[in-house]
Amino acid sequence: MKNEKNINKKKFLIGAVTFIAVVALIISFFVLRNREKRIEENKLQIEKYLSDLENLENEVYFNSDYIASISDMKEASEKAVENNDLKELVSINKEIANLYSKAEQEIARYNELYTVLQDEMSRTVELQNNYFAKDYDTSKLNQTKDRVESALSKSDYLEYEQLYKEFSGQNDALRDFIDNALNSTYSVETNTNISKDYPFAVLEEDIPLPWSFKPITKQTKNHPTWIIANEADVLDEPPYANLFIDDTSAEYTFDIHQAETKEITVQDESGSLQKALVNTEVNFDMKEGYSIDQYTDLNERPAYLFKDKNEKILLALKNYDGEDYYVLYSPQ
C-alpha cells in the first residue's frame, strides 16, 4: 500500500511538472510572438515617421538643425532592429514621434505667421491711406514694415514671431489714433463701394428724389429755410432744386460728385462748432431765365453731404452771413 502511494505521488509530481512546463512554453511562445510583433510595429512606425519627416524637409520652414538628429535616430533604429532590442525601439519611436510633432507644429506656426504678417502689411497700407494718418508719425511703423518685407522675401522665419508682435502693436497704435480722431469729428466713415478712396462718401442712391432738407437750428433770414429737389416735369430736363430764402427761390440744376476728403467746420444742434470730414460735394447752378440776386452766388457755392454718428444724412451749406462755418440741414 505504501509503495502504491509513493508511485501515485510520483505520477502526480511528474504530471504537475509537465503541465507547468507546457504552460511555461505556451506563455513563452506568446510572449516571444508578442515581442516580435511589437518590434515590427515600432519598426514600421519609425519608418513612417522617417518618411513623413523626409517630406517635411521640403517645407520652407523646416528646421535643418533636425537633419543630424533624424540621421542618428535612423541609424540607432536600424541597430535596435538588428539586435531585436524592443526597449530601444520603443524609446526611439517616442523620440522621433516627438520630433515629428514638433517640426510639424513649427511649420504650421510659421505658415500662420507668414499669413498674418502679410495681412498686417495690407493693414498698414490701409491705415496709412486714412485721412488722419497724415497727423501721425509713421516713421517707426515704416521701418518695421521694411523689416517685415525683408524677412518675408528671405523666408527668415525665426524673426516672424517677434516681428509680428512689433508690427501688429504698431498698427494697433495707429488704429487707436485714427479711432480717437474719428470720435472727435461730427461725421462718420461710411460703408460704400468707394470707401477706399472716399471714406465719408454719400451715394446718390442714398438720397433718392424727391428730397427735402431744413436747418437743424434757426438761422438768420439770409439763409435758406427749406431746400428741396425733384424730378423734372418733362423727360428732356434734369432734376432741379429750390433753395427757399424768404419763401422764394429760383430753380437750380445740381450735380453730386465725390471729391478728395475735406475738413469743414459745422454748427451742431446746440450751436457749437465742430469738425466734419466730407467727400460728397453738391453744386447748385441756377437755370437760365431766372434773375440773379444777392443770394445766387451764395447758393452756387459748393455744399456737402455726409452722415452723422446716427447715420443720418446731412446737407452742409456755407454760412450766408459771412461766417466761416457750414450750416447743417437734415432730411424731412
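View 1. Strand 7 (residues 313-318) is largely enclosed by the rest of the structure, because five of its six residues are buried (buried: under 20% relative accessible area; exposed: over 50%; partly exposed: in between; 1.4 Å probe, protein chains only). Helices (H or I, at least four residues) and strands (E, at least two) are DSSP runs numbered from the N terminus. The model is predicted, so local features are given only at pLDDT of at least 70 and side-chain atom pairs only at pLDDT 80 or more, while totals for chains, interfaces and linings use all residues. Residues are numbered from 1 along each chain as its sequence is written, and side-chain values use heavy atoms, with hydrogens and water left out.

Strand 7 pairs with strand 6 (residues 303-307) in the antiparallel sense, over four bridges; two strands pair if DSSP finds at least two bridges between them. Leu314 of strand 7 is the bridge partner of Phe306. Five residues lie between strand 6 and strand 7, which form a hairpin, and Glu311 in the turn has a positive phi of about 65°. Strand 7 also pairs with strand 8 (residues 326-331), again antiparallel and over four bridges.

**View 2. Lys318 and Asp324.** Lys318 stands opposite Tyr326 in strand 8. Lys318 also forms a salt bridge with Asp324, with the closest N and O atoms 3.5 Å apart (salt bridge: a side-chain nitrogen of Lys or Arg within 4 Å of a carboxyl oxygen of Asp or Glu). Asp324 is exposed, at 63% relative accessibility, whereas Lys318 is partly exposed, at 22%.

**View 3. The largest nonpolar core.** This core has 42 residues, and Leu53, Phe62, Phe132 and Tyr160 touch the most other members. Two or more residues each come from helix 1 (2-56), helix 2 (66-82), helix 3 (86-128), helix 4 (139-153) and helix 5 (160-183). Helix 3 gives the most, with 14 residues. A nonpolar core is a set of buried Ala, Val, Leu, Ile, Met, Phe, Trp, Tyr and Cys residues joined through side-chain atoms within 4.5 Å.

Which residues is Tyr160 in contact with, leaving aside its neighbours within four places in sequence? They are Tyr61, Tyr110, Leu113, Tyr114, Leu117, Ala151, Leu152 and Ser155, where contact means heavy atoms within 4.5 Å. A second, separate core of 26 residues includes Phe213, Ile227, Met286 and Tyr325.

View 4. Helix 2 has 17 residues and reaches 25 Å from its first C-alpha to its last, close to the 24 Å expected at 1.5 Å a residue; the expected span is 1.5 Å times one less than the number of residues. Its buried residues are Tyr66, Ile70, Met73, Ser77 and Ala80. They lie on the same side of helix 2, because they cover an arc of only 90° around the axis; the arc is that of the directions from the helix axis to the C-beta atoms. An α-helix has 3.6 residues a turn, so residues three or four places apart point the same way. Exposed Asp72, Lys79 and Glu82 are carried on the face turned away from the buried side.

**View 5. Salt bridges in the helices.** The whole structure has 13 salt bridges. In one of them, the side chains of Asp52 and Lys48 meet at 2.9 Å, N to O. Both residues lie in helix 1, four residues apart, about one turn of the helix. Asp52 is buried, at 17% relative accessibility, and Lys48 is partly exposed, at 48%.

Arg109 and Glu161 form another salt bridge, with the closest N and O atoms 2.9 Å apart. This pair links distant parts of the chain, as Arg109 is in helix 3 and Glu161 in helix 5, 52 residues apart. Arg109 is partly exposed, at 29%, and Glu161 is also partly exposed, at 30%. Arg109, Glu112 and Glu161 are linked in a network of salt bridges.

**View 6. Backbone geometry in three loops.** Most residues other than glycine have a negative phi, and most peptide bonds are trans. Asn84, in the loop between helix 2 and helix 3, is not a glycine, yet has a positive phi of about 55°. Asn84 is partly exposed, at 42% relative accessibility.

Asp247 has a positive phi near 70° and lies in the loop between strand 3 (240-244) and strand 4 (251-267). At 65% relative accessibility, Asp247 is exposed. The peptide bond from Leu209 to Pro210 is cis, with omega near -5°. Pro210 lies in the loop between helix 5 and strand 1 (211-215).
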